[in-house]
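Have a look at the fold first, then read on.

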Amino acid sequence: MSDVTTAEFNEDGKYIRKIRSFVLREGRLTKGQSQAIEAHWPAMGLDYTPQALDLNQVFGRDANTVLEIGFGMGASLVQMAQAAPEQNFIGIEVHKPGIGACLGDAGEAQVTNLRVYHHDAMEVLEHSIADGSLERVQLFFPDPWHKKRHHKRRIVQAEFVQLIRRKLNIGGVFHMATDWENYSEHMLDIMNAAEGYKNQSTTGTVVERPDHRPLTKFEARGHRLGHGVWDIMFERTA
């Protein structure tokens with residue numbers, strides 16, 4: 001499970017825009033992770049700038065782009081990029097060992113359609129991603145902040161989902177997944193109240209895990225133990 005951002009929220013669920021720079025989570029790199037960053041960052045790393053990316057220039061082509069917030073160690077993101085070479089993929093992660101692991105897997109898989117940020121997700125979304133430029137935004141297994149008094153710290157809040165909506169193209173999809181049922185209910189409450197979105201579920205609730213989201217080892221173990229996972233997909237309509 002990944003901490004998706006260093007952002008903080010107040011008691012009303014509003015994002016606190018910090019004046020001071022946040023601290024990246026360096027962590028302890030293995031030798032392999034360090035070597036992977038050295039070898040693959042020049043080709044796959046994206047340095048944060050407050051200007052919007054030219055995606056055609058970054059990837060050398062015009063293609064639909066998928067962005068994942070907080071990819072953890074990156075195994076499933078690399079699998080997705082490998083399985084869909086016709087799409088562009090961007091991952092954002094603040095934990096440096098995750099960056100190293102992802103780049104190592106990507107290099108081994110010889111994927112060329114993946115780029116990664118080692119930066120705060122909120123800043124990247126607000127400043128580096130052009131409005132209407134994304135086909136899909138993925139938020140898988142974010143920190144559930146399971147204690148009731150901490151629910152306001154959850155990243156899925158009204159302001160955040162409108163930021164995501166701006167970055168999606170019309171018809172683009174915000175795809176969330178969580179293994180906390182209470183968080184899935186919170187996500188649905190926020191999304192159902194959000195302007196400009198439509199639930200892709202035929203029942204108006206959750207969807208079956210789509211083929212494009214790989215089953216993680218953590219999730220497969222959870223299935224064997226009888227634990228649930230909830231996928232939620234909302235489409236931008238306006």
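Predicted model: local features only at pLDDT ≥ 70, side-chain atom pairs only at ≥ 80, totals over all residues.

Residues are numbered from 1 along each chain as its sequence is written, and side-chain values use heavy atoms, with hydrogens and water left out.

**α1 against α4**
- Helix α1 (residues 31-44) and helix α4 (residues 96-109) have axes that come within 8 Å and cross at roughly 70 degrees; helices here are DSSP runs of H or I, at least four residues, numbered from the N terminus.
- That angle makes α1 roughly perpendicular to α4 (65 to 115 degrees; under 35 is roughly parallel, over 145 roughly antiparallel, and the rest oblique).
- On the α1 side, Q33, A36, I37, H40, W41 and M44 make the contact, and they meet K96, P97, I99, G100, A101, L103, G104, A106 and G107 in α4 (contact means heavy atoms within 4.5 Å).
- Sorted by class, this contact has nine nonpolar, five polar and one charged residue; Ala, Val, Leu, Ile, Met, Phe, Trp, Tyr, Cys and Pro count as nonpolar, Asp, Glu, Lys and Arg as charged, and the others, Gly among them, as polar.

**α3 against α4**
- Helix α3 (residues 75-83) also packs on α4, at an angle of about 30 degrees and with the axes 9 Å apart (axes are lines fitted to C-alpha atoms over the stretch in contact, and angles run from 0 to 180 degrees between N-to-C directions).
- α3 and α4 are therefore roughly parallel to each other.
- In α3, A75, L77, V78 and Q82 meet C102, D105, A106 and A109 of α4.
- This contact divides into six nonpolar, one polar and one charged residue.

**Cavities**
- There are two cavities of 30 Å³ or more; on a 1 Å grid over the protein atoms alone, a cavity is a set of points where a 1.4 Å probe fits but cannot get out.
- L53, L55, S128, I129, A130, S133 and L134 line the second largest cavity (lining residues have an atom within 4 Å of a point).
- That lining holds five nonpolar, two polar and no charged residues.

**α5 against α6**
- The axes of α5 (residues 121-128) and α6 (residues 158-167) come within 10 Å and cross at roughly 40 degrees.
- α5 and α6 are therefore oblique to each other.

Conventions:
1 Å grid on protein atoms, 1.4 Å probe; cavity = no way out; pocket = protein on both sides within 12 Å on 5 of 7 lines; lining within 4 Å. Points joined across faces, edges and corners; volume = space filled by probe spheres on them. Helix = DSSP H or I, 4+ residues; strand = E, 2+ residues; numbered from the N terminus.
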